[in-house]
Amino acid sequence: MHDIRAIRENPAAFDEGLRRRGLPPASPEILALDADRRAKIAAAETATADQNRASKDVGAAKARGDDAEFERLRALVAEKKAEIAKLTAEADAQDSALRDMLMRIPNLPLADVPVGKDEDDNVELRRWGTPRAFDFKPLEHFEIAGVKPGMDFETAAKLSGARFVVLRGAVIRVHRALAQMMLDTHVNDHALTETWTPVLVKEDAMYGTNQLPKFAEDSYQTTNGWWLVPTSEVTLTNTVAGDILEENQLPIRMTAHTQCFRSEAGSAGKDTTGMLRQHQFEKVEMVSITTPETSLAEHDRMTRCAENILEKLGLPYRTIVLCTGDMGFGAQKTHDLEVWLPGQNRYREISSVSVCGDFQSRRMNARFRPAAGGKPEFVHTLNGSGLAVGRTLIAVLENGQQADGSVDLPAALHPYLGGKTRITPEGALA
């Protein structure tokens with residue numbers, strides 16, 4: 001959420017940040033509502049002072065037997081009481097309206113984020129690996145002979161509808177191995193703390209990581225008010241909600257493997273075949289809580305953590321920085337990792353790593369006490385996929401496919417598969 005004081009002090013800078021995102025200026029409407037709200041608060045304070053003076057004078061008028069003055073002052077007290085209640089209610093309503101308005105405005109991009117309208121304006125930073133040269137036409141993951149027995153969309157549709165899958169046998173073994181390998185790498189090599197969190201959260205948690213109020217249609221809510229997490233960013237980040245941490249506790253680096261749930265609102269017609277875009281999927285998430293001074297360095301560090309997973313699996317990828325028009329709502333800056341999918345003959349997103357500054361911590365009221373003293377400051381939050389397990393499975397299957405329908409599996413997975421190295425054309429591990 002945005003700091004209203006910063007908008008008051010420099011509305012032009014605020015509107016310039018929105019302009020870079022392709023949005024119209026918002027400071028005039030925000031400041032008008034804020035000024036009216038503050039005027040009502042001031043008027044309520046004046047009326048309260050008037051009421052207090054009149055209340056004191058009521059007793060004095062009664063004591064000296066001035067009935068007319070007593071009645072006038074008593075009426076004035078009642079009038080001021082009603083005026084205060086009205087002004088306070090109006091100010092509270094405007095405060096709620098202002099908070100809702102600020103919560104629906106995206107984070108402002110950092111100065112070095114490239115300006116652009118959409119994904120065509122993203123800027124490539126680097127590439128790793130060389131896409132394999134096939135001596136046959138590579139297939140998409142769901143077309144590979146050895147994969148078909150273990151990837152069942154028809155049964156999933158019978159159970160749940162579109163954008164679900166049932167995984168069996170060798171395919172789910174590889175899927176599980178990928179998640180375990182990711183967790184082990186993040187814990188052992190990257191010093192992240194493994195965490196297990198609920199997938200059902202209170203509404204406050206969704207507000208804290210900016211899924212609400214603007215993106216309610218993108219997530220699922222239960223009949224008793226819980227929300228299913230779209231990613232464990234929600235739970236991991238909210239572990240510090242309402243806290244005042246000591247600076248020596250930072251950075252906090254966490255990772256979690258969870259089920260994730262997304263409605264995919266607005267994605268009609270996109271990736272309707274295969275398991276690239278599902279309502280239910282698994283992800284190994286990374287979240288860091290840092291001081292403001294260290295958050296940009298942490299962003300680069302988290303990006304390298306995600307890249308390292310792809311490199312261990314031998315999957316060609318490229319790293320891009322998202323332009324202002326393609327960046328997520330809560331991000332100041334985002335690095336996307338795109339893995340090479342030979343079946344589609346293109347790079348596809350497999351991780352987004354974002355630095356959010358104090359945008360989320362203001363919503364959560366998550367702060368730290370500086371070691372040098374002074375008032376508590378808002379922490380900075382970062383999140384990133386490390387990685388999306390289903391999409392990584394797709395990349396492993398497509399990049400390892402062979403002409404006979406078998407799949408050669410990355411060496412990094414062999415220890416997690418009991419020494420098995422491939423999926424046969426019949427769909428068994430061997």
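Let's start with a word we'll need throughout: a residue is buried at under 20% relative accessible area, exposed at over 50%, and partly exposed in between, using a 1.4 Å probe and protein chains only. What you're looking at is a predicted model, where local features need pLDDT of at least 70, side-chain atom pairs count only at pLDDT 80 or more, and totals for chains, interfaces and linings use all residues. Residues are numbered from 1 along each chain as its sequence is written, and side-chain values use heavy atoms, with hydrogens and water left out.

Now to the aromatic rings. Rings of Phe, Tyr and Trp (for Trp, the six-membered ring) pair if their centres lie within 6.5 Å; planes under 30 degrees apart are stacked, over 60 edge-to-face, and the rest tilted. The structure holds 5 such pairs. Phe 215 sits in the loop between α7 (203–208) and β6 (220–221), and Phe 329 in the loop between β11 (317–321) and β12, so to speak a link between distant parts of the chain, 114 residues apart. Helices (H or I, at least four residues) and strands (E, at least two) are DSSP runs, numbered from the N terminus.

How buried or exposed are these rings? Phe 329 counts as buried because its relative accessibility is 11%, while Phe 215, at 25%, counts as partly exposed. Phe 329 also pairs with Phe 359: the centres are 5.8 Å apart and the planes at 70°, so this pair is edge-to-face too. Phe 359 belongs to helix α10 (residues 359–364), so the pair ties together parts 30 residues apart in sequence. Phe 359 is buried, at 1%. Put together, Phe 215, Phe 329 and Phe 359 form one aromatic cluster.

Next, the nonpolar cores. A core here is a set of buried Ala, Val, Leu, Ile, Met, Phe, Trp, Tyr and Cys residues joined through side-chain atoms within 4.5 Å. The largest has 51 residues, and Val 174, Leu 178 and Leu 393 have the most contacts inside it. Among the elements giving two or more residues to this core are α6 (169–188), β10 (280–290) and α11 (389–400). The largest share, 9 residues, comes from α6. Apart from this core lies another, of 13 residues, including Leu 18 and Ile 30.

The axes of α2 (residues 11–20) and α3 (residues 27–63) come within 10 Å and cross at roughly 135°; axes are lines fitted to C-alpha atoms, for helices over the stretch in contact, with angles from 0 to 180 degrees between N-to-C directions. That makes α2 oblique to α3, since angles under 35 degrees are roughly parallel, over 145 roughly antiparallel, 65 to 115 roughly perpendicular and the rest oblique. Ile 30 of α3 and Phe 14 of α2 are among the residues making the contact (heavy atoms within 4.5 Å).

Most residues other than glycine have a negative phi, and most peptide bonds are trans. Yet the bond from Leu 250 to Pro 251 is cis, with omega near 0°. Asn 210 has a positive phi of about 60° and counts as buried, at 9% relative accessibility. Asn 345 has a positive phi of about 55°, but this residue is exposed, at 57%.
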